[in-house]
Amino acid sequence: MPSGVSAGHTQSGESRSYQSKKRFDRKSARSQSIPVDFVHIHAIQSVCDVLIELKASPERILEQAGIDAQIFDAAGAISFTSLGRLTALAADQTQCPHFGLLVGQRVTLASLGLLGTLMRHSETIGDAFRAVQAHHDLLNRGAVIEIAIDGAVATVSYAPYEPDVDGVALHCERAIAALTAVLRSLCGSHWNPEEVLLPRSEPPNTAPYASFFRAPIRFEQEIAALVFPARLMKRSIEGADPLVRASVEQRIRQLEAVIPSDVTDEVRRLVRSVVTRKRIHKGQVAQSMAMHQRTLCRRLKAEGTSFRSVVNQTRLGIAKQLLADTTMSLAQIAATLEFSEPAAFTHAFRRWTGTTPSAWRKERWAS
C-alpha cells in the first residue's frame, strides 16, 4: 500500500480535492497498464490536497519537482522517483516533517478503486491483506507489500524497490499510515496496531504520529511495518458480499492480464521481500517463479541484467536509505543486509559506489 495506495480523498468528498479542479478520467486511467516502478496518479492528488490544507501552492511545487500540472489530464501513473521528489519538496517547503503521515491518513477504501472494493468484500481481514499483497501492482509498481506471521504476532511491511530515491522515508510513512486507515475502515475507528516501525530518524515532534497511530512508534528501523495480533487476520468482515467479491476479482484478473511481463521486476519484488530477513538463494527465487534456475538466468540476461546484479542493486538501495534516513550504525546496517561483519559491508559498498558508507553518509547529510 503504498504510495499509490496512500493516494486518497477526504471523507467530505471529491469536491474539495485538488483533483476536482483538474479534470481526470479515472476510467481511462484505470484501463492503462501501469509500467514498472510507477504509482497511480491519485498519489499526486493527495499530495496536492495536503499542500492546499497547509496553505502552499501545488502548482509551484509541481513545477519545482519537474512535474507538468497537466499530468492529471494526460496520464494514469507517475514514476516512483518523481513522486518521491515531489513529496520531499512538499515536506521541505511546508516545513512539515510528518508530511507523509498527513497524506497517508487520508486514504479510504473508496480511494483504492477496485482493490479497495475487493478488500471491503473479502471474507476476513487476512483475505483483505492477501488481496493487497497479490494485486498491489494495480496501484503501485514501486514497492512490495509483505505479510509475515510469527506465532501470535502478524507484521505487514512496505518495501520500495528503490529505497534510496528522494523522499523514500516519506513514501514509507505514508504507506504505513494508509494501511492503518484502511484497517480502521474494516475493523472500526477504535482499532490500533500494537507497534509501528518506520525507517527514518525520529522527528523533533512525534505528537502527530502518536495521535494518529495511538501505538508505540519505533523510528530508526530497517523496515516500514505495522505489527498487530495475528488473530486479527481471522476476523470476519461485516457485510462482505461474495458476489461482489467474485465480480471484482474477475475484473482485476482482466486488468492484470494486459500488464506486460517483466522477469527483472518479478525478481526484484521477490528479492526485496526477503532481503532484510534472510539470505537470498537463486534457486528459491526461481522456484517461486515456477521456472528452472537456468531459465531464470537466461531470461534475466535477455532483459540486460543478472540475478546477482538485481540482488546487489537491491542491497545497495537499502543501504543508502538506511544511511541517509536513519542513524543506524554501520554494524547494524551490515547485520540487516546479512553481511558477516561491518568490514565486509564497507568493502561491498565501496565496490558498488567507489566510496565508503561513512563517507557517503557524511556527504548525503551535508547536502
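Asp137 counts as partly exposed, at 24% relative accessibility. The model is predicted. Asp137 sits in the loop that runs between α8 (125–135) and β3. Val39 is 98 residues away from Asp137 along the chain, yet the two C-alpha atoms are separated by 8.5 Å.

Val144 has Ala159 of β4 as its bridge partner. Together, β3 and β4 form a hairpin, with two residues between the strands. Gly151 lies in the turn and has a positive phi of about 65°.

Arg200 belongs to another loop, between β5 (195–197) and α10 (207–213). The relative accessible area of Arg200 is 11%. Buried means under 20%, so Arg200 is classed as buried. Asp137, at 24%, is partly exposed.

The surroundings of Arg200 come from several parts of the sequence. With neighbours within four places left aside, Arg200 is in contact with Pro97, Ala169, Leu170, Glu173, Tyr209, Phe219, Glu220, Asp325 and Thr326. Pro97 also takes part through its backbone. The backbone oxygen of Pro97 lies 2.9 Å from a polar atom of the Arg200 side chain.

Methods:
Residues numbered from 1 in each chain as written. Predicted model: local features only at pLDDT ≥ 70, side-chain atom pairs only at ≥ 80, totals over all residues. Heavy atoms only, no water. Helix = DSSP H or I, 4+ residues; strand = E, 2+ residues; numbered from the N terminus. Buried < 20%, exposed > 50% of the residue type's maximum accessible area, 1.4 Å probe, protein only. Polar contact = N/O pair within 3.5 Å; in protein donor to acceptor, adjacent residues only side chain to side chain. Contact = heavy atoms within 4.5 Å. Pairing = 2+ DSSP bridges.
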